[in-house]
Amino acid sequence: MIYIVDDDDSVRASLVRLMRSAGLPASAFPTAEDFLRDMPPADGAVAVIDVHLPGMSGLELQRELLRLGSNFPVVMMTAFEDSDVRRTALNAGALGLLIKPFGETALLELVERGLQGKPSGAEAK
Amino acid sequence: VTSRTLSRQTPLAGDSYAAFLAELSARFVNTRIELLDEVIRDALRRIVEFLDVDRCSLTRITSSREVVLVSAYSPPGVPPPPPGNACAQLPWYANELVHGRIVNLTHPSDLPPQASDEQAYMQDSGMRSHLAIPINVGGMPTCALSVAMFRRAMTFTPEFIVSLRLVGEVVANALARRESEGRLRRMEAELSHLTRVATVGQLAASIAHEINQPLCAIVSNAQAALRLLTQGKSAAGEVRAALRDIAADSKRAGDIVSRSHRLLKPRELSLQSVSVNDIVRDVMTLMHGEILIRHLRARAELQDDLPAVDGDPVQLQQVMLNLFVNAADATATVSPGDREVTIRSEKVDDQVRVLVSDNGIGLTPDVAARMFDPFFTTKSNGLGMGLAINRTIMDAHGGHIWASANSGRGVTVTLSLPARAPARTPASRKA
């Protein structure tokens, strides 16, 4: 299961559609708080999280997941490049940071890696 | 022009000439710059009538030493002066004026031998006498007032010359005022453009964010649609939905580009009926990325059915963007989750107000006193022009801008614009 966390309606809908067209079941949350409230199971799942979310940011959500002891595979994405963000995301174990707009190949590769259960972030350091 | 000068040096027609001059002078002083040409034409006509001459012309002497006709009056039957630049056609004449020398010709034979073009011109046009007086403004001849005789010859007495010079000075000062106002307006437009460019530069990350979001959705939808088509499943409905979303997001990205582009185009003030609420909504859209990046809580509280104002939408947007960025900057010391910027709109009497509030560092009395001064800044990388230009823009709109400390934390900057009198805005969209 692929979980998209993005506050932008268009981005959310398009990524869910893309995942489903690739044969991956997907659902989406508009905020980090919504994701944490549902707290979907990490098994066989990957979270694709936007860095800049209103309220709790994507990076804070990533940290919160770690704090809760979850080993949720996480792919981060952002609409503009920032080396600090990249370092923070990868240090906290993200599979990768995608810069919007990105192609499906980059996204699917990271998602596949997450689904194959590679421990999040082990080689990203 | 003092009355002392007039009474001492203007025996010509005495008091009535003084009254004529005083009235002309008052007209020039009270004239809006846009109507100056008309007032000049009228003044030239009245000079012709008052001094009983056949033609009166005003020429401008430019800083590049060209002598160009501004305006002339000649009654029917009298030939108009040669249009355009006199330097080529009448080189001796133009040269005299450029050097601030009076040209006083009772007869064509008063011309020096080298003035052959001028001799030919007087002969061909039937001109009998001519007087041209260069007028100095700021130590340089900036224009010349001249009269010409065709029906009869005329000897220009020293009194006549003094009288004409006095009129010339009134006109020259009005012309100088127009030029400096024009220059000032151009400089203001240029500065305001540069500030807009700087504002857009500050917002580059935010704008990139706003454009990349729809682009991301477009790419994903296109690739999803391609996959669905290649799979050959009957997915027409889903493909159609993807294409529809692509179209909508393309328009969204285009709108953001044109909104930012409008800010980058150099332009002068153009007033039209505008809805302040629409401008605030545009600002909130443009600032969306900025709000996320800076962890701001931004709110717009817009009063419904506000009257429209007469304004330049791009310049008003620039003012509000600048105030928003200032407000956001002021909250930098507040912890990320608590940074607040609020834009409110309201009607107070016959004014439409926009209030931009933050809960940031606030105002010291020293800063409050100087914050609208040019080149005053509290930011390490600031130019200090933002608020000064905001005030210039508000002045041009007949409005006001002021800042006050909030009762709690932070500052509120208020824009106040006169409500457009007759019609009200069409019912505005809900915020």
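Predicted model: local features only at pLDDT ≥ 70, side-chain atom pairs only at ≥ 80, totals over all residues.

1. Is the crossing of α3(A) and α4(A) left-handed or right-handed? The crossing is left-handed, a term that applies if the near helix is turned anticlockwise from the far one by less than a right angle, clockwise being right-handed. Helices here are DSSP runs (H or I, at least four residues), strands likewise (E, at least two), and both are numbered from the N terminus.

2. Residues are numbered from 1 along each chain as its sequence is written, chains are lettered from A and ligands numbered from 1 in the order in which they are written, and side-chain values use heavy atoms, with hydrogens and water left out.

3. Within chain A, helix α3 (residues 58–67) packs with helix α4 (residues 83–91) at an angle of about 15°, their axes being 10 Å apart. Axes are lines fitted to C-alpha atoms, for helices over the stretch in contact, and angles run from 0 to 180 degrees between N-to-C directions. α3(A) is therefore roughly parallel to α4(A); angles under 35 degrees count as roughly parallel, over 145 as roughly antiparallel, 65 to 115 as roughly perpendicular and the rest as oblique. On the α3(A) side, Leu59(A), Gln62(A) and Arg63(A) meet Val85(A), Thr88(A) and Ala89(A) of α4(A), where contact means heavy atoms within 4.5 Å. By class, 3 nonpolar, 2 polar and 1 charged residues make up this contact; Ala, Val, Leu, Ile, Met, Phe, Trp, Tyr, Cys and Pro count as nonpolar, Asp, Glu, Lys and Arg as charged, and the others, Gly among them, as polar.

4. A helix pair also spans the two chains. Helix α1 (residues 9–21) of chain A packs with helix α8 (residues 204–230) of chain B at about 25°, with axes 8 Å apart, and the two are therefore roughly parallel. α1(A) passes α8(B) in a left-handed crossing. The residues of α1(A) in this contact include Val11(A), Leu15(A) and Arg17(A), and those of α8(B) include Gln213(B), Ala217(B) and Arg227(B). The contact divides into 7 nonpolar, 7 polar and 2 charged residues.

5. The interface as a whole takes 26 residues from chain B and 23 residues from chain A. The buried area is about 2,100 Å², of which carbon and sulfur atoms give 57%; such area is the accessible area (1.4 Å probe) that two parts lose on being put together, summed over both. In chain B, the residues losing the most area to chain A are Gln213(B), Arg227(B) and Leu292(B), together 25% of what that side buries.

6. Which residue forms a salt bridge with Arg17(A)? The partner is Glu238(B), with the closest N and O atoms 2.8 Å apart. A salt bridge is a side-chain nitrogen of Lys or Arg within 4 Å of a carboxyl oxygen of Asp or Glu. The interface holds 4 salt bridges, and the count over all chains is 27.

7. In chain A, the side chains of Asp6(A) and Lys100(A) form a salt bridge at 2.6 Å, N to O. Asp6(A) lies in the loop between β1 (2–5) and α1, and Lys100(A) in the loop between β5 (96–99) and α5 (104–115), so the pair ties together parts 94 residues apart in sequence. The peptide bond from Lys100(A) to Pro101(A) is cis, with omega near -5°.

8. In chain B, Asp52(B) has a positive phi of about 55° although it is not a glycine. Asp52(B) lies in the loop between α3 (36–51) and β1 (55–61) of that chain.
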